[in-house]
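Dear colleague,

Please find below the structure that I am handing over to you. My notes on what was found in it follow directly after.

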Amino acid sequence: MKSHIINTIIRNLVKKKFLSLTKILGLIIGYSIFMFLVVKIQHETNYDQFWNHSESVYRVALDLKYENGEQVKSAKNFHGASELLNLELPEILNHCNFNKDVVTIFSGSTQKIQDVDFVFSDPSFFDVFERKIIKSENTGVLKNIHGVVISQSFAHKLFGNENPLNKEITVNEGWKFVVDAVFEDIPDNSHLKIDVVATYKSLFYYMRNFDNTRQILIDNPNFTYKQPDPYTVRRWRTPVAYRPYCYIKLKEGTNINTVESKVAALLTKVPLPQNLKDSNMAFNFQPIKDIHLKSNLDHEISANGNTKQVLFLSIIIFVVLFVCAINFISLNTISNLELLKNYAIRLFSGATYTQIFQLMFVESFLINALSLLISLPIAYALITTQLPAHTIDLSILLYVVFVLILIAFSAALIPFLSVVKNRFTSGLKIVGQKINQNWRGQKLMVTAQFSITIILIVCTIGIYKQMQFMMQTDLGFNGKQTLFSFSPMTMNQHPDIPVKLSTFRNELLTLKGVNSFSTSSSIPGQTTPRLNNQVKAVHTAGPFPATFNEVSIDDAYLKTYNIKLIAGENLSFQNDWVSNDILINQTAAKDMGFLSANNAIGNRVTLGKHDCTIRGVIEDYHHTSLHNAIKPTIYAQNIRWDHSVGYYSFQLNSDNVTGTISQITQIWNRLYPKEEFIYNFSEASFASQYESDQKFNQILTYSACLALLVSCLGLLGLTLFNIKKRLKEISIRKVSGASVKQIIIMLNIDFIKWVLVAFVISIPISWYAINTWLEDFAYRTSIDWWIFGIAGFASILIALTTISWQSFKAATSNPVKALKEE
Amino acid sequence: MIKITDLEKYYKTEELQTIALNKLSFDVKKGEFVAIMGPSGCGKSTLLNILGMLDDSDGGSFIFNGEEVIHYNERKRANIRKHNIGFVFQSFNLIDQLTVFENVELPLIYTGVKKAERKKKVHEVLEKMQIMHRRKHFPQQLSGGQQQRVAVARAVVNNPKLILADEPTGNLDSSNGNEVMDLLTELNKQGTTIIMVTHSEHDAKFSHRIIRMLDGQKVIENSLI
């Protein structure tokens, strides 16, 4: 019986080669996209679920609401926050704070790794974030003031296969640490990317005892580290740049609401500074598992994912799979229609309906299984273009098998119910006479397939239009021919900064190829980590009702990035790179209450401890992507970058860019001999903010094209079947005088009208979809009617091309032959 | 073996009702060879459908081997059908994708016969029909006469008590037609009851009895023995 079924199935497949190929190809596309996108979504939605007791770990984020309506929602919090909770609440098992920095690490005389994620934290770091640890025998984990703990992969990067324990590393060419322990890597799907962990105690020791001029650490046996105390005001007044990320771990069985309900009372026990007292301060407890997808606060530790994108990906999975499944079901139904006679014969030979269904199901199942097998390596290749191979969770196979059985079962059941089951009541007629091969469902299938395809095409064009809009919008600055590099790490907090910087600048400006050079704490396309909600007019009591971004720049910043000054004057060059002059943007002028840009000039505002004069107002420009609205920004002339990274920007003229870059490199190497000159083009860096949008657009474009391909394959299959069924009719019409054109129109119109119906159905749905996607952009393109026009026209044209060749072949065939065969 | 009494069958469309069988009664004894004749549309095929338990009647009685089967459900009828009835059609109705051997094997598969036993039985019947040498061929590689012999082989492989033949020679030339009629006669001699619908007076002469129908009714019955 089994071999008999399989023989029959194989012969059916071979006999109808084209139809079989069409079915299999559609399924391969469906399964490949399904597996690829499911793995992608799994990766996005499984963030931070691998931690032990991940359900008990929360980040304590900060919510400030001022009376003027200004709100600050920050991922960072004050040091005192988690410390207070830990001391006061028995429900808390552990807590830790950490500050993250991106550093360069050196080991030995040659090894050097840049962009290392370095955190300073409490010794309890690994109690909250549990990892397997290989320790040195000499010291414990995070107990040695000169010790660090590094990740396995970083250890391998730095030391290869050598034992990393007790080896020395140097941070930013100054602070030397010893590797005390190695921790098991934090998986990729975590919001935490950490290579090195050291303690706050070490941080304070090195800050106090490191001689920057001589680049040596002075031994200080009298150093005492004051244990953090949340009941002192200093734990609650750290500026945002130095605030840590705070985490707590709850005891088993504790409900976070219990903790949350006690926060307000706890905050009355600590001496909050006045600005916090006025701010209706609250803590936002974020489950660690939700941070990646659901958190979109200021000062996030790294760029997070986006629930909406996951939702869109899920919809794409569903619709592409739906198109492919419909394609298979519909082609399977028509091939079963052609096998009706065989089923009738089997029934007369003693088969039951159950046995007929069994045969149909096994055939459908085997075709699906074959397609799945072929799609496995394709899906693997697709997945590894975007994610590391080890992220593939084999549980995906369970989903795939479930989907496979569902499709195989539907593809057997639908033809069984709609074409087999009801046609045998007339008994012998079925084998004696011509079988009625009409199947109404096929029109429905074509309509559904094309509706989805057109929706995908509209969304693809819509998103493409937004991408173009973002690329072509005048950003208010010009990053063409502009390079940037990080400021030399060795210069952070170094007393020689102004002198060296001046020398560097002077030498650069002698180069023919360099138009201008500027240094700043942020550049277009990079975040502006400093925020200030305490900016006020000099001699007034209250601050302006806004949070201002603060960027440190020099006098050449506007020239380097071609930013327009609309009132007042530019900053002037200062030998020590510092002055009390500032520039503001138009939005800031408005937020400070000036009626016009000119009115702002000469006014004085207090920034921290300094009273500054507004020298000029610049035209608003997009400092970050069009996802974000332009923020009020103050451009101050100082090079105090604190611990954060600053930037050097070089605007070049178009002649001999390569030559100029090599000249800059020579100067850099002479002045900063131990640091490599690594540069990027500003334009490319700005565009990289749209990387995730572009990836999404890519997925959507491929999905839309493949859905269109599958829909056309399905349409082709149905056309072939219908034309074959109507050959006699076509011949009679031809004999009766119909022209080739009339016959082609007759055959085409039958399907095209359903594609038209699909077009009408798809318009409102795709409009809604594209509109929802665009909500994520502060600046967005319009949804024009022609997007729908193009999508509809393209689908109809492609559908017409698909069926016309077959119609033409049928219309030009010899009618005598067809009639004779009948 | 078969006794039908006042058998009725109507075909209804939205506008009219056509009577296919109008209170038809006759019986067929075990081992008989009965030919049913009549013009197109007289109800021959409808009658064969009901006798083959492939279609319901709208009234009357149908006793098969002493059992009233008229109200049996599909499962029961399928069971009686596969153990007792073989079909031979004008258009052979072989499955193109199966070889001669597999086509003949089909009824044995559905009655649950073991593989070795199936092989033996199929070989026996193919030998008998003199098409053993063609067992690995596909139907489209055979002549019309050979195809009908395969169809007959399939109809008899299960040793049915009754063979229903619907114009078995309709698609054959006279010599192939005669061969098939000889086969049926031979089977009948070995005890199989045969009911054959035919337009051919020549073929009808091979039977014991001819029932002539018109408008769903029996008009005359001629005994040929």
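What radius of gyration would a compact globule of 225 residues have, and what value does chain B have? For 225 residues a compact globule would be near 17 Å, and chain B has 17 Å, which agrees. The radius is taken over C-alpha atoms, and the globule rule is 2.2 Å times the number of residues to the power 0.38.

Two sentences on conventions come before the rest. This is a predicted model, in which local features need pLDDT of at least 70 and side-chain atom pairs count only at pLDDT 80 or more, while totals for chains, interfaces and linings use all residues. Residues are numbered from 1 along each chain as its sequence is written, chains are lettered from A and ligands numbered from 1 in the order in which they are written, and side-chain values use heavy atoms, with hydrogens and water left out.

Chain B

The secondary structure of chain B consists of seven helices and 10 strands; helices (H or I, at least four residues) and strands (E, at least two) are DSSP runs, numbered from the N terminus. The C-alpha trace of chain B spans about 50 × 40 × 40 Å along its principal axes. Of the 225 residues in chain B, 56% are buried, where buried means under 20% relative accessible area, exposed over 50%, and partly exposed in between (1.4 Å probe, protein chains only). Contact means heavy atoms within 4.5 Å; among contacts in chain B between residues at least 6 apart in sequence, 68% join residues at least 24 apart.

Chain B exposes about 10,000 Å², with carbon and sulfur atoms supplying 47% of it. Accessible areas come from the Shrake-Rupley method with a 1.4 Å probe, and for residues only the protein chains shown count as cover. The 30 positive and 28 negative charges of chain B have mean positions 8 Å apart. Lys and Arg count as positive and Asp and Glu as negative, with His and the chain ends not counted; the place of a charge is NZ of Lys, CZ of Arg, CG of Asp or CD of Glu.

Chain A

Chain A has 26 helices and 25 strands, and its C-alpha trace spans about 105 × 60 × 55 Å along the principal axes. Buried residues make up 55% of the 822 residues in chain A. Of the contacts in chain A with a separation of 6 or more, 81% are between residues 24 or more positions apart. The accessible surface of chain A comes to about 36,200 Å², and 57% of that belongs to carbon and sulfur atoms. The mean positions of the 75 positive and 63 negative charges of chain A lie 14 Å apart.

A:Leu21 is placed in helix α2 (residues 17–45) of chain A and is exposed, with a relative accessible area of 59%. Its C-alpha atom is separated by 65 Å from that of A:Trp175, 154 residues apart along the chain. A:Phe594, in the loop between α18 (586–591) and α19 (597–600) of chain A, is buried at 17% relative accessible area. Leaving aside neighbours within four places in sequence, A:Phe594 is in contact with A:Ala589, A:Asn599, A:Ala600, A:Asn603 and A:Ile614.

Aromatic pairs

Over all chains, a search of the whole structure finds 59 aromatic pairs. Rings of Phe, Tyr and Trp (its six-membered ring) pair if their centres lie within 6.5 Å; planes under 30 degrees apart count as stacked, over 60 as edge-to-face and the rest as tilted. The ring centres of A:Phe357 and A:Phe409 are 5.6 Å apart and the planes are at 80°, so this pair is edge-to-face. The pair links distant parts of the chain, with A:Phe357 in helix α12 (residues 353–386) and A:Phe409 in helix α13 (residues 396–420) of chain A, 52 residues apart. A:Phe357 counts as buried at 17% relative accessibility, whereas A:Phe409 counts as partly exposed at 39%.

A:Trp668 and A:Phe677 form a tilted pair, 5.0 Å centre to centre with 50° between the planes. A:Trp668 is buried at 1% relative accessibility, and A:Phe677 is buried at 7%. Ring pairs also link A:Phe50, A:Trp51, A:Phe98, A:Phe125, A:Phe126, A:Phe129, A:Phe183, A:Tyr245 and A:Tyr247 into a cluster.

Backbone

Most residues other than glycine have a negative phi. A:Gln481 has a positive phi, near 55°; A:Gln481 lies in the loop between α15 (441–472) and β14 (482–486) of chain A and is partly exposed at 30% relative accessible area. B:Glu167 also has a positive phi, near 45°. B:Glu167 is in the loop between β7 (162–166) and α6 (174–189) of chain B and is buried, with a relative accessible area of 15%.

With kind regards
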